[in-house]
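Please keep the structure in view while reading.

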Amino acid sequence: GLELDEKLCAKSTLQLFRSKLIVHERYQQVFQASIDACRKSGMLKRKKLELALDTTPIFGRGAVKDTFNLISDQIRKVVHEIVLLKSHDLESLVAEHGLGRHFGKSFKSEVTLDWDDAVQKRALVGQLVADAHVALELAKGALRGYRKDAQSTRILREARDLLADLLLQDIEEIPPDEGGPRIRQGTSPDRVVSTTDQEMRHGRKSQTKRFDGYKASVAVESVHGVIVATDTLAGNAPDSEGAAGLVTKASRTCKHRVERVIGDTAYGSMSTRKDLEDIRVEVIAKTPPAGGKVGRYRVDDFKIEAKRGFARCPAGKRSVRRAPIKLGGWRYVFSSADCLACPLRNKCTAAKARSINVGEHTQELKRHRKRQRSQSFRKKYRRRVIAEHRIARLAQLGIRQARYLGRSKVAFQLSIAATVANL
């Protein structure tokens, strides 16, 4: 009811309102209002819904740093919290315990080192670990006398725990060569990549496309393109994680049963199919291709006679034996005499004899792959593109870059962008 030139309210009022929406998760009511508006305009009238599911990266706002600066930053955080809790003098505490190099612009910029020299670099790792243990001991002393659930010590405890976790995930303190602490080889599962946003993760949209942050997961009604549910996943989570929960949420917001879901190959695994079929939802998704070398026969090219205990190869030869495999199923082995004399050998194997693994779901996956070559499947599958269109609209509204720190706030950003897209 305000005129265009009338002031609405102070910016801080909007910030407080936003915080309350996030804390109490009431922003879903705002999103629900956009769905109700779509329904009033004539959309979402079908009693059985067809949804397209997809995900897209959200680049996190937290600062991503290498192991040296990541641990150094957390040492500094722990010391700062000790000073706040115990009212110590920061400069005196830092000087007394030799932690000065962690209070400059950057830990790596504070040290003089030939970074190409592996020996010097490893020695620095040892010094970093020693400083971290000094900080952990200082935290232990500062917390002595307080109850574990004391609110005044909560931030220090969290900072201390994160520092310990960073050491565990990134450092081998007692490596096999006994040459002193070293940076852990490879990447730890679920690795924390930022101390400013501890919920960010390394993600991969493809083999060559990496990012740090989260994934936006969206469910889109396939006729009009209304976004009916959203979720925010960790950056390293599978695209299909929580698909059944997302569909259930969409059914609740639309007040209609979801009949069918369309998704890319990420939603075509047997575990995801089962989760969705358990809530009576048909899945239209491509199944991951059968394993095997390109240009050679794959397991789908073999005829499996499971009840009779043998498999038949493309040349018509029967397997000579089978043996159980660990994850359930059988390995069928063919005769080396048959394989060596086979005219199709170049298309099959370079080994003396061919063997194939037939898992618990191999036959069912084979049926799905056959089905996805049909005209009816392709017709339905083409409707998946509407999810890509709505994700493009969300990207225009700014969801590609997180505006806030933390998964709950990023979820708020995604939900409000979806609200605007619907309106």
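Which residues of helix 8 are buried? In this predicted model, the buried residues of helix 8 are A243, A244, L246, V247, A250, T253 and C254. An α-helix has 3.6 residues a turn, so residues three or four places apart point the same way.

**Helix 8**

- Helix 8 consists of 12 residues and spans 17 Å from its first C-alpha to its last, close to the expected 16 Å.
- The partners against which its buried residues pack include two helices, helix 2 (27-40) and helix 9 (270-277).
- Strand 1 (48-59), strand 5 (210-221), strand 6 (227-234) and strand 7 (257-263) also pack against the buried residues of helix 8.
- After helix 8 comes K255, which has a positive phi near 60 degrees.

**Nonpolar cores**

- The largest nonpolar core contains 44 residues, and L51, L53, V228, V261 and L394 have the most contacts inside it.
- Helix 8 (residues 243-254) contributes the most to this core, namely 6 residues.
- Among the residues that L53 touches, leaving aside those up to four places away in sequence, are A243, L246 and V247, as well as V261 and A387.
- Another core, of 33 residues, lies apart from the largest one and includes L85, A159, L163 and I171.

**Cavity**

- The structure holds 1 cavity of 30 Å³ or more.
- The lining of the largest cavity comprises 10 nonpolar, 1 polar and 4 charged residues.

Notes
Residues numbered from 1 in each chain as written. Predicted model: local features only at pLDDT ≥ 70, side-chain atom pairs only at ≥ 80, totals over all residues. Heavy atoms only, no water. 1 Å grid on protein atoms, 1.4 Å probe; cavity = no way out; pocket = protein on both sides within 12 Å on 5 of 7 lines; lining within 4 Å. Points joined across faces, edges and corners; volume = space filled by probe spheres on them. Nonpolar A, V, L, I, M, F, W, Y, C, P; charged D, E, K, R; others polar. Core = buried A, V, L, I, M, F, W, Y, C linked by side-chain atoms within 4.5 Å. Buried < 20%, exposed > 50% of the residue type's maximum accessible area, 1.4 Å probe, protein only. Helix = DSSP H or I, 4+ residues; strand = E, 2+ residues; numbered from the N terminus. Contact = heavy atoms within 4.5 Å. Expected span 1.5 Å × (residues − 1).
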